[in-house]
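Dear colleague,

Please find the structure below, together with its sequence. My notes on the pockets and on one helix pair follow.

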Amino acid sequence: MKKYFLIIDEGTTGTRAVIYDKQFRAVSYTYTEITQYMPKEDIVEHDFEEIYEKSVAVCREAMQKAGILPEEIIAMGITNQRNTQCVWDRKTGKPLLKGIVWQDTRTRKLLDEMRRMDCIRMHEVRHCGRRYVVNSSPVTLRWIMDHRPDIAEKMTAGEAAFGSVDTWLVWKFTGGRVHAMTYSNASSLGIYDMIEDCWCAPVFEGTGVPMSVLPELYEEVSDFGTTDVFGAPIPITAVIGDQQASMFAQNCRSVGTVKCTNGTGTFMDINIGSKYVPPQTELAAMVAWSIHGQKTYLYERMLPVAGSAVQWLRDGLGVIKDAAESYDMAMSVPDTGGVLFVTSMSGVYAPAFDPYSRGTIFGIHKGTKKEHIVRATIEGIAFSLADVMDVVADQTGIAIKELKIDGGASKNDLLAQSFADFIRCKVVRPQESAGLTAAGAARLAAVGAGIYTLETLPETETETDKFYPMIDEETAKRKLSRYRDAVERAKAWMK
């Protein structure tokens with residue numbers, strides 16, 4: 001009897017598989033890290049073959065742990081890190097280079113040049129919903145063609161396929177039968193024209209990137225084909241970008257609801273309804289999801305560093321053994337001792353974009369201890385989000401009174417409290433916040449499989465922790481102003 005949903009949650013630092021029953025209770029869970037290739041300070045890469053192989057492995061392990069047979073799986077869903085891109089050979093199915101991760105900044109000089117092109121200036125914000133950044137697909141693909149003539153030749157000849165992680169996994173799980181990209185992922189890459197409802201052809205024509213590499217656009221709830229990898233046919237019925245998945249799971253399905261996912265980076269998303277409205281340049285507009293012909297749109301503000309800053313404390317600086325230790329160490333001192341950390345390891349993305357900025361620690365003195373730096377790291381993550389909140393409120397007309405947070409980094413109570421202190425709002429955190437991306441994909445997979453409709457689909461129910469501002473508003477404003485001054489000093493470091 002079929003009674004489970006198998007979900008792949010493919011993130012930046014690792015891949016997990018979660019199996020849910022029909023009541024969306026998680027009955028099995030497995031996780032493994034994926035290799036981060038960083039040969040230079042501006043290069044971050046993933047091996048797409050490894051991503052697929054580990055996705056298969058965690059699925060098998062999750063089924064084995066719970067004693068679940070492939071024949072018992074109703075449907076599979078996929079949720080993925082967005083904007084990590086690759087090109088592979090259509091005939092062999094082999095990647096032609098390592099995947100370029102969304103944190104990678106190698107294209108920053110090319111981006112400066114391309115922003116002066118008419119096709120970019122006329123379409124990036126009005127049609128594609130965002131000012132192009134280093135990981136926007138037209139920039140990434142043009143960089144690949146300029147630096148890898150062998151790949152450019154295959155692209156021009158129609159022998160290469162392009163996609164993000166969702167595209168790759170669907171391709172591999174279906175044996176290359178389906179070359180698909182969902183609206184949530186396409187709009188994040190800056191290549192979907194939200195006015196014309198198609199790929200943005202003028203941008204590809206103007207930049208000389210052949211559109212033959214592009215996949216077919218799919219709704220988040222669709223028939224993505226069937227996989228036979230596990231020994232029995234399993235339909236793939238939902239694919240969605242990770243931020244949109246957690247937004248769906250957080251019940252942010254009405255206009256004005258807001259969530260903030262804190263994983264490798266920080267992503268704040270606001271539901272703006274069923275009508276696309278081109279944003280101001282500080283925000284990005286995207287499709288949240290498209291279901292049965294009805295699109296829901298969002299505004300997003302992305303900050304590239306959150307949990308990865310804590311990971312750096314562990315792997316780079318070596319001052320903590322694991323992420324959980326960061327809370328205890330930070331709370332062992334009453335404050336940062338005057339230390340302030342601008343966590344812009346991959347550049348500043350908001351309110352102003354500067355890919356040449358780098359992480360900078362201010363205020364170190366002879367009395368500074370590692371505990372101060374750990375606490376300054378956590379507060380720095382909160383400052384970076386609070387810094388954009390005024391811009392978001394001005395451009396959306398939404399006064400943020402409640403912020404729903406999720407993601408692995410959100411488990412840190414000091415980070416959650418710092419959000420409340422500096423954003424000046426109530427912060428709500430589900431006690432099971434780390435698994436909401438998978439939970440969102442599971443619900444959509446159930447809709448795709450016909451088990452539920454959107455009307456009968458139960459909302460995510462979980463106990464929540466609530467945080468309220470604990471410091472006075474004047475102190476919060478003073479600290480945030482000091483942070484903004486530090487950001488200005490950290491800019492243009494790599495120029």
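A pocket here is an open set of points, on a 1 Å grid over the protein atoms alone, where a 1.4 Å probe fits and where protein lies on both sides within 12 Å along at least five of seven lines; lining residues have an atom within 4 Å of a point. The model is predicted, with local features needing pLDDT of at least 70 and side-chain atom pairs pLDDT 80 or more, while totals for chains, interfaces and linings use all residues. Residues are numbered from 1 along each chain as its sequence is written, and side-chain values use heavy atoms, without hydrogens and water.

The largest pocket has 46 lining residues, with Thr13, Gly263, Thr264, Gly408 and Ala409 nearest its centre. Its volume (the space filled by probe spheres set on the points, which are joined across faces, edges and corners) is about 1,200 Å³. Helix H10 (residues 307–315) gives the largest share of this lining, 5 residues. (Helices are DSSP runs of H or I with at least four residues, strands runs of E with at least two, numbered from the N terminus.)

The second largest pocket holds about 630 Å³. Of its 29 lining residues, Met38, Ser308, Gln311, Trp312 and Met345 are the closest to its centre. H10 and strand E20 (360–362) each give two or more residues to this lining, and the largest share, 5 residues, is from H10.

Finally, the axes of helices H12 (residues 370–396) and H13 (residues 413–423) come within 9 Å and cross at roughly 40° (axes are lines fitted to C-alpha atoms over the stretch in contact, with angles from 0 to 180 degrees between N-to-C directions). Contacts (heavy atoms within 4.5 Å) involve, among others, Phe383 of H12 and Phe419 of H13.

With kind regards
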